[in-house]
Amino acid sequence: MISQKQFNKEIDIIIANAIREDVGDGDHSSLACIPEDARGTAKLLVKDAGIIAGVEFARQVFEYVDPGLELDIKIKDGSAVKYGDVCFYVSGLSQSILKSERLVLNAMQRMSAIATKTNEYVKLLEGTNTKILDTRKTTPGIRALEKWAVKIGGGENHRFALYDMVMLKDNHIDFCGGITKAIEKTKNYLKENQLGLKIIVEARNLDEIAEILQSEGVYRILIDNFNYEDTRKAVSLINGKCLTESSGGITLETARKYAECGVDYISSGALTHSVYNMDLSLKAIK
């Protein structure tokens, strides 16, 4: 994953772009009927059950829109919530609260859904040594939020993007002309460019795993679309020489069985691409 400094920069970009997109030259609904100096308080109301995520992001949004807004947090990120819970109260200029509202809700609803689904996987894997990973199958433009939500839900982040880890998948291998050639060319490239990036290599069968193991410097082998029996064979063949990761259509129904095969990680795009937003609302307190 990228550094915390770079991650924070990504969040800043998301906030600035989202406010630009939503507010434009002004929130004319609020400007038309709410006095400039009017003050108020609103509460973030939970209308669903799951793991809340995005409270800290909301704080950053309010700070960006109006540093004078005051946030009273009652429930922190990563907490289990139920219908009727109030996560926080925000007080200050009414126009500023309304300007922030949609970004806060859109982000928190999606982040909470991702955190909730991730937490389901985490609970399923309890008692094993396997951790759940996200992927790059994220919503363009808000990847940092979605990966943040995975962490809040108890999962782990895979690489952030194409630039912070090398991942040699089937197309790279086929275009390059083979596994060993792809690995060697990658190691030379990293050395020439003075890049300390980790290398993951995808395997489609046990023969490919055997070939990968002949090369030095592979950080993790991606055991892709294997059945349970072949996954166990793959883990035995690798025998701790590098880390192992199962992927390819793994669901809540199958994750535990793959974990019991002994892999270090399971990656699932479903954490971020197949979720239903948690129902939240921001309600003015009269």
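Predicted model: local features only at pLDDT ≥ 70, side-chain atom pairs only at ≥ 80, totals over all residues.
1. Just after the helix, Gly24 adopts a positive phi of about 60°.

2. The sides of H1 may be described in turn. Phe7, Ile11, Ile14, Ile15, Ala18, Ile19 and Val23 are buried. Seen down the helix axis, these buried residues fall within an arc of 125°, so they line one face of H1. An α-helix has 3.6 residues a turn, so residues three or four places apart point the same way. On the other side of H1, Lys5, Arg20 and Glu21 are exposed.

3. What do the buried residues of H1 pack against? Their partners are H3, helix H4 (94–124) and helix H5 (143–152).

4. Asn17 also belongs to helix H1. With a relative accessibility of 40%, Asn17 counts as partly exposed, because the partly exposed class lies between under 20% for buried and over 50% for exposed. Asn17 and Gly141 are 124 residues apart in sequence, while their C-alpha atoms are 9.2 Å apart in space.

5. Helix H3, one of the packing partners of H1, spans residues 55–65. In H3, the residues Val55, Phe57, Ala58, Val61, Phe62 and Val65 are buried. Viewed down the axis of H3, the buried residues fall within an arc of 150°, so they line one face of the helix. The buried residues of H3 pack against H1, strand E3 (70–73), E5, H4 and H5.

6. The aromatic pairs deserve a separate point. The count comes to three aromatic pairs. One of them is formed by Phe62 and Phe88, with an edge-to-face arrangement: the rings are 5.9 Å apart centre to centre, and the angle between the planes is 85°. The edge-to-face label follows because the class requires planes over 60 degrees apart. This pair links distant parts of the chain, with Phe62 in helix H3 and Phe88 in strand E5 (residues 86–93), 26 residues apart.

7. At 0% relative accessibility, Val90 counts as buried. Leaving aside neighbours within four places in sequence, Val90 is in contact with Gly40, Thr41, Ala42, Phe62, Leu69, Glu70, Leu71, Ile97 and Leu282. Phe62, a member of the aromatic pair with Phe88, is thus also in the contact list of Val90. For Glu70, the C-alpha to C-alpha distance to Val90 is 5.6 Å, at a separation of 20 residues in sequence.

8. How many residues of strand E8 (residues 199–203) are buried? Five of the five are, so E8 is largely enclosed by the rest of the structure. Both faces of the strand are covered: Ile199, Val201 and Ala203 are buried on one side, and Ile200 and Glu202 are buried on the other.

9. The pairing of E8 involves two strands discussed here. Strand E7 (residues 166–168) pairs with E8 in the parallel sense over three bridges. Within that pairing, Val166 has Ile199 in E8 as its bridge partner. E8 also pairs with strand E9 (residues 220–224) in the parallel sense, over four bridges. Here Ala203 has Ile223 in E9 as its bridge partner.

10. Arg220 lies in the residue range of strand E9. The charged end of Arg220 sits over the ring of Tyr265, at 4.7 Å from the ring centre.

11. Some values describe the chain as a whole. The chain contains 11 helices and 12 strands. The C-alpha trace spans about 70 × 40 × 25 Å along its principal axes. Of the 286 residues in the chain, 49% are buried. Among contacts with a separation of 6 or more, 70% are between residues 24 or more positions apart.

Methods
Residues numbered from 1 in each chain as written. Heavy atoms only, no water. Phe/Tyr/Trp six-rings, centres within 6.5 Å; stacked < 30°, edge-to-face > 60°. Lys NZ or Arg CZ within 6 Å of the ring centre and 35° of its normal. Buried < 20%, exposed > 50% of the residue type's maximum accessible area, 1.4 Å probe, protein only. Arc of directions from axis to C-beta. Contact = heavy atoms within 4.5 Å. Pairing = 2+ DSSP bridges.
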